[in-house]
Each structure stands twice: as structure tokens, then as C-alpha cells.
Amino acid sequence: MPEPTLSPLAEYQEYSADVMMRRAADFYADIRRRRTVRQYSTRPVAREVIEDCLRAAGTAPSGANLQPWHFVVVSDPAIKRTIRVEAEKEEREFYQHKAPQEWLDALALLGTDEHKPFLEDAPYLIAIFAESYGVRPDGGKVKHYYVQESVGIATGLLIAAVHHAGLVSLTHTPSPMGFLNQILGRPANERPFLILVVGYPAESATVPAIARKPLEAIATFV
Ligand code: IYR
């Protein structure tokens, strides 16, 4: 059994009670402005911004610290177009045949349909892959733990980082998404998790008039 190598918690920052209170309130006030946006401007975004957002995502906790995620950042118009064509194929199938009425009813409030122009308009599509298992240089498999949880947390940090930078995003989940492995040349141990669409909102962007549950409905203190 290898021994753990431990180092001091050097970067922890404690705040006074009032500063803590203010920081918590400020963070909430800022993150509550985040909206999922479906209409994008074609205005470019510096690659460095996306790189830092991905570095932030990569700080997420993960099962046994195996960091079972991979992010493919797509800005090439031809690749975006191919992704759009394939995604719209699946989405047409979903909206016209596969989705049960109950699901379509739940989506009605959002106004979504099979047309996904944002997949070409937005400057970046970040295809997020979950590594179901790792692969050693000799080809051996490495077991991964809590893969969905880990990748979900990393994605949450990415969404928050994108918002913090002043951009908007959309979690897009065409189903099934196997075409992403093919288009992006990703190996069999990686499963598409979702596509995060990132950019500036279109000037005419609108969002559904929906509300978030109040604290009392989402939390219980005992
Ligand atoms: N993947 C489809 C359908 C869809 C499903 C859910 I659940 C949503 O919250 C939103 C959309 C689409 O992207 O349109």
C-alpha cells in the first residue's frame, strides 16, 4: 500500500463572520443572474477565457481524484456544422417520434424544438466526455469511481466559471450522443456527457419566464 503524501492546507482563506456573510450573499446575487441561453451571437470569444474556465472545471473533486473528464473545445465552423447536422437528426427523431407526450409537455414551457442553430452560431461548443474507465499506456484498464457525479460537478464549475467571465451557456443533450465520439475522434472509454454551448447572447435573446424553487422547497435544516 502506498503511503499518502500530505502537505499543509496552504491556500485556505478564512474570512471574518461579516465578510463571510457578505461573500455568500454576493455570490448568490451573482449566480442567480445565470440563465440558460438558446440564442447566440457569432461574436468571437478569446480562447484564453475558455482555457481558464476549463482550468476551473478541472479543480472539481472526483472519485479517487481520477479526474474522469475530457473537454473538447470546438470552434471550427465545419465541425460545428457537422455536430449540428447530427444533433438535429437525433432531435428530430426525439421530438417527432421518441419523446412521450408527458416529456413534450414538460418541455413546452421552454419552447425547445429540433432546430439547433446555436450549434453553429456560438463561438464554442465544449463537448464534455466522461471517462468510464482510464487506459494505461500499456493498454490496461484503470477503474474509475463516481464518474457521473465527478463529471457533473466539473460541469457545474464550468458553467459557473463561464457565467463569472460574463458569457452565457446552454447544457445541450442530444440523445443519443454517440456521434460525438466519431466526429471528434474520441476513444471508446469516453462517453459523451453533454455539449456546453458557450458565447455571448444574441442581442435579441429571450429566455423562458420560469422560476426557481424557494429555499424552503429545496432545503431542510434539522
Ligand atoms: N435534448 C432535447 C430535449 C430537451 C430535454 C430536456 I430534459 C431539456 O431540459 C431540454 C431539451 C433538446 O435539446 O431540445
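I started with the largest nonpolar core, which has 24 residues; Phe71, Ile126, Ile128, Leu158, Leu196 and Val198 touch the most other members. By nonpolar core I mean buried Ala, Val, Leu, Ile, Met, Phe, Trp, Tyr and Cys residues joined through side-chain atoms within 4.5 Å. Buried is under 20% relative accessible area, exposed is over 50%, and partly exposed is in between (1.4 Å probe, protein chains only).

I then asked which elements give two or more residues to this core: helix 2, strand 1, strand 2 (124–131), helix 6 (147–164) and strand 6 (190–199). Helix 6 gives the most, with seven residues. Helices (H or I, at least four residues) and strands (E, at least two) are DSSP runs, numbered from the N terminus.

The model is predicted: local features need pLDDT of at least 70, side-chain atom pairs count only at pLDDT 80 or more, and totals for chains, interfaces and linings use all residues. Residues are numbered from 1 along each chain as its sequence is written, and side-chain values use heavy atoms, without hydrogens and water.

I looked up Val198 next. Beyond its neighbours within four places in sequence, its contacts (heavy atoms within 4.5 Å) include Tyr40, Ile50, Pro123, Val162 and Leu167. I also noted a second, separate core of 20 residues, with Val74, Ala87, Ala127 and Phe129 among them.

Ala64 has a positive phi of about 50 degrees though not a glycine. Ala64 sits in the loop between helix 2 (47–57) and strand 1 (69–74), and is exposed at 57%. Gln67 also has a positive phi, near 50 degrees, and is partly exposed at 35%. The Ser175 to Pro176 peptide bond is cis, omega near -5 degrees. Pro176 lies in the loop between strand 5 (168–172) and helix 7 (179–184).
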